[in-house]
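Hi,

Here is the structure I promised to pass on. Please open it first, then read my notes below.

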Amino acid sequence: MAISTLFRNPLRKLTTQTPWSLEHPAVEGVARAASKLRSCTDAQLATKSRELRQRLKASERQALDEHIEAGGLAMEAVRRTTNKELFPTQRLAGLVLAHGMIAEMQTGEGKTLSGSLPIYYGALMGAGVHVMTTNPYLAERDAAI
């Protein structure tokens, strides 16, 4: 597989038209999507995930709205399992990673929670997802969730 294929960004036009920053509409869009899901049961969330997976498989190109919806589902799952909310910086980092770009975060900014968005999106797309850390504490903590 060519490097250009491996790192191809299907949303390149969307990401270059609106610079990624905390003001990007998708950052707040993920929070709004997650808040709409709070009243759903776990079974309803699973159904929504299956429906989104089917839409993603059927479409040739993923839209930013689908990334926002996936981010909302991931954010709500994180809230239910860890009782933690994703901050705007974590949502931004997650969206950037889901678009195949690199995000740099300082110690303590929540890289682990940020990773939940691209991990979930990759799983929805049917891509293999591997999560690695060199931090034994985080590995044990997050494996227990």
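What does the pLDDT of the protein average, and what share of the residues score at least 70? The average is 84, and 87% of the residues reach at least 70. Keep in mind that this is a predicted model.

Helix α3 (residues 25-36) has the highest confidence, at a mean of 96. Helix α1 (residues 3-6) has the lowest, at 43.

Two stretches need care. Over residues 1-7, pLDDT stays under 50, and the model has 1 contact there beyond four places in sequence. Residues 10-16 also stay under 50. For that stretch the model has 13 contacts beyond four places in sequence. Where pLDDT is low, the predicted coordinates should not be read in detail.

Now to helix α6 (residues 88-98), which holds Arg91. Is Arg91 buried or exposed? Its relative accessible area is 6%, under the 20% cut-off, so Arg91 counts as buried. Leaving out residues up to four places away in sequence, Arg91 touches Val27, Glu28, Val30, Ala31, Met75, Leu86 and Leu117.

Thr89 lies in helix α6 too. Its relative accessible area is 31%, between the 20% and 50% cut-offs, so Thr89 is partly exposed. With residues up to four places away in sequence again left out, Thr89 touches Leu22, Met105 and Glu109. The C-alpha atoms of Thr89 and Val27 are separated by 8.3 Å. Along the chain, Thr89 and Val27 are 62 residues apart.

Best wishes

Note on methods: Residues numbered from 1 in each chain as written. Predicted model: local features only at pLDDT ≥ 70, side-chain atom pairs only at ≥ 80, totals over all residues. Heavy atoms only, no water. pLDDT = per-residue confidence, 0-100. Helix = DSSP H or I, 4+ residues; strand = E, 2+ residues; numbered from the N terminus. Contact = heavy atoms within 4.5 Å. Buried < 20%, exposed > 50% of the residue type's maximum accessible area, 1.4 Å probe, protein only.
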